[in-house]
Amino acid sequence: MALTELGQFPVGVMTLELGEEPGQQPLSVWYPADSDAVAGMETEIFNSSEAIPEAFRSLIPDSMKSPVETNSYRDAPLAGDNAFPVVIYSHGFGGHRDVALFLTTHMASHGFVVASPEHIHRNLPAQAFGTAESSPEKDQADVANTLAALKSAFGEGADTARVGVIGHSAGARTALDALANEAVLAAIPLAGGGSVPPEAAAKPILVIVAELDLTVPPERSLASYDSAPGPRKFVNLAQAGHNSFTDSCPVILAGGGLDMLEPLLGAEQVDRAEDGCTPENAHPLAMQAALKHLATAFFLASLDGRLDVEVNAEFADLIDGVDLADYREDG
């Protein structure tokens, strides 16, 4: 069974604060919502241009500003009396907290409280204004502060002792480093590098890479898999690229690329943004479907003890447009 369809829960969404000042460091949270409470409510519409610094918005073509239906309900109450496991999503360098709504809302519908902190030291505005920095220490502070914020907002409804972390690109290292946190039980490094901390040897990881990734070659991620001493799986998605796993990729593909942004970003940054989003790549919607299944199945098994779901090579046969370039597992 491929877990590509929404789960049993409607999805609530709220914005919490990690910074001391309102709006300084927002935290987006998606979670299983009470089905009776959302009856008659309108779902959240996300405008991707809100993630772009205001000074640059006029330079972005209208085709890149289309609103996104998130199928989530703003500030809806949490479902029931359950204690839901937590998944933290860590965005990449120059990214933002709402870059993978297709995935974060999907996992929430399957029974997770999903939180995505804005890493303000390496997010899109920081990159645009030349202040972005790589700081594993700040990344892990964001992880710890996210768990504290969820505990404050949801109480026992968010089980902050059963936590998984998935991170894309620079966030992959954040995900692996987070395994040193006692509460973090499993991690998915996605199209990135890093290594498993020695104190987390027994915790499972799922390494997901893109075969044609020009930004982080698959060999670099394979090194993460090879160095992991505990249970590990490795999935290399054929014809995928670095940004095949973001909301922007289908838009970039449909719009014929980002050549119009070259005067603003430069050729190198345009190439990075288009990595995975060209006709030569596997269709990004197929790659999104693959990631929905892989992440949901892995965390259901690792955090919720589900025995009826697992990650194996056969999943690719169940999803149109998905092929494997490589699959490995050990432990």
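The model is a predicted one, in which local features need pLDDT of at least 70, side-chain atom pairs count only at pLDDT 80 or more, and totals for chains, interfaces and linings use all residues. Residues are numbered from 1 along each chain as its sequence is written, and side-chain values use heavy atoms, without hydrogens and water.

Ala273 belongs to helix α8, residues 267-274. Helices (H or I, at least four residues) and strands (E, at least two) are DSSP runs numbered from the N terminus. Apart from residues up to four places away in sequence, Ala273 touches Asn243, Ile252 and Leu258, where contact means heavy atoms within 4.5 Å. His242 is 31 residues from Ala273 in sequence, and their C-alpha atoms are 8.5 Å apart in space.

## Overall form

The chain contains 9 helices and 12 strands. Its radius of gyration is 18 Å, close to the 20 Å given by the globule rule for 331 residues, so the chain is as compact as a globular protein of that length. This radius is taken over C-alpha atoms, and the rule is 2.2 Å times the number of residues to the power 0.38. Along the principal axes, the C-alpha atoms fill a box of roughly 50 × 45 × 40 Å.

Of the 331 residues, 55% count as buried. Among contacts with a separation of 6 or more, 71% are between residues 24 or more positions apart.

## Nonpolar cores

A nonpolar core is a set of buried Ala, Val, Leu, Ile, Met, Phe, Trp, Tyr and Cys residues joined through side-chain atoms within 4.5 Å. The largest has 48 residues, and those with the most contacts inside it include Leu103, Met107 and Phe299. Elements that each supply at least two residues of this core include β1 (11-17), α1 (101-109) and α9 (284-304). The largest share, 12 residues, comes from α9.

Leaving aside neighbours within four places in sequence, Leu103 is in contact with Tyr89, Ile166, Leu291, Lys292 and Ala295. A second, separate core of 42 residues includes Leu18, Leu150, Val209 and Phe234.

## Helix α1

Helix α1 is mostly covered, with 9 of its 9 residues buried. Among them are Leu101, Leu103, His106 and Ser109. Just after α1, Gly111 takes a positive phi of about 105°.

Technical notes
Buried means under 20% relative accessible area, exposed over 50%, partly exposed in between (1.4 Å probe, protein chains only).
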